[in-house]
Amino acid sequence: MIDENDPDGFGERPLAGFTHSIDSHLAFYRFALTAYNYRCAISGLRFPPDAQILHEQLSVVPIHPRELGGSLEIGNALVLEASMADAFARGLIAATDDWQVIVPRPEALAEEQRQHVVAGRVLFVPAEPMFRPVAKNLQFHRLTIARYHR
């Protein structure tokens with residue numbers, strides 16, 4: 001029988017996936033910035049650490065977006081400068097399984113972006129192998145977001 005005075009929500013267990021707190025997301029965000037040494041994975045531009053909660057120039061971007069089934073883990077994240085983050089999210093920039101930059105439609109990039117993107121260059125990834133982008137996430141991004149097929 002359901003007890004409406006039950007402080008735990010009628011005895012129901014919390015749903016998996018809804019227990020993440022803002023603190024854990026912020027911790028992940030800061031961890032990713034540190035793992036990438038405050039450097040944009042695509043352009044290589046380095047920025048000083050920021051004392052504010054969110055970094056002004058850098059974003060932590062999911063490779064396989066969470067709303068499409070991607071996970072919140074370091075192998076599914078890239079640290080990108082704001083204009084690179086936008087281009088990556090729109091599929092204008094992608095990467096091979098071995099982290100080489102692909103620019104499927106260079107003409108779609110803004111001039112400022114083209115100055116910092118070198119097709120074929122290897123992404124600037126963390127030194128620690130376990131923190132680097134995972135191939136399955138890069139494949140998802142290439143095929144689904146960038147719609148890049150060789």
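Leaving out neighbours up to four places away in sequence, Gly-120 is in contact with Gln-100 and Val-101. I'm starting there, but bear in mind that this is a predicted model. So where does Gly-120 sit? You'll find Gly-120 in the loop between helix H3 (111-116) and helix H4 (135-145). Its C-alpha atom is 5.1 Å from that of Gln-100, with the two residues 20 apart along the chain. And Gly-120 counts as partly exposed, because its relative accessibility is 38%.

Okay, on to the core. The largest nonpolar core has 34 residues, and the ones that touch the most other members are Ile-42, Val-60, Leu-78, Leu-80, Ile-93 and Val-117. Which elements give two or more residues to this core? Those are helix H1 (22-35), strand S1 (58-62), strand S2 (77-81) and helix H2 (82-89). H1 gives the largest share, five residues. As a general point, nonpolar side chains tend to be buried together in soluble globular proteins.

Let me pick out Val-60. Again setting aside residues up to four places away in sequence, Val-60 touches Phe-28, Tyr-29, Ala-32 and Leu-33, and also Ala-77, Leu-78 and Val-79.

Now the strands. S1 and S2 are paired antiparallel, over five bridges. If you want a landmark, Val-61 stands opposite Leu-78 in S2. In a regular strand, side chains alternate between the two faces of the sheet. Here, Ala-77, Val-79 and Glu-81 point one way from S2, Leu-78 and Leu-80 point the other way, and all are buried. Why call S2 largely enclosed by the rest of the structure? Because five of the five residues of S2 are buried.

Next up is H2. The buried residues of H2 are Ser-83, Met-84, Ala-85, Ala-87 and Phe-88. What covers them includes S1, S2, strand S3 (94-95), H3 and H4. After H2 comes Gly-91, and its phi is positive, near 80°.

Last topic: charges. Side chains of opposite charge can pair when their charged atoms come close. How many salt bridges does a search of the whole structure find? Three.

One is between Asp-86 and Arg-90, with the closest N and O atoms 3.9 Å apart. That still counts, because the cut-off is 4 Å. Both partners are partly exposed: Asp-86 has a relative accessible area of 39%, and Arg-90 is at 47% relative accessibility.

Then there's Asp-97 with Arg-142, whose side chains meet at 2.8 Å, N to O. Asp-97 lies in the loop between S3 and strand S4 (101-102) and Arg-142 lies in helix H4, so this pair ties together parts that are 45 residues apart in sequence.

The remaining one I have for you is Arg-114 with Glu-111, where the closest N and O atoms are 3.0 Å apart. These two are three residues apart in helix H3, so about one helical turn separates them. In general, an α-helix has 3.6 residues a turn, so residues three or four places apart point the same way. Arg-114 is partly exposed at 34% relative accessibility, and Glu-111 is partly exposed as well, at 47%.

That's my tour. Happy to go back to any of these spots.

How values were computed:
Residues numbered from 1 in each chain as written. Predicted model: local features only at pLDDT ≥ 70, side-chain atom pairs only at ≥ 80, totals over all residues. Heavy atoms only, no water. Core = buried A, V, L, I, M, F, W, Y, C linked by side-chain atoms within 4.5 Å. Buried < 20%, exposed > 50% of the residue type's maximum accessible area, 1.4 Å probe, protein only. Helix = DSSP H or I, 4+ residues; strand = E, 2+ residues; numbered from the N terminus. Contact = heavy atoms within 4.5 Å. Pairing = 2+ DSSP bridges.
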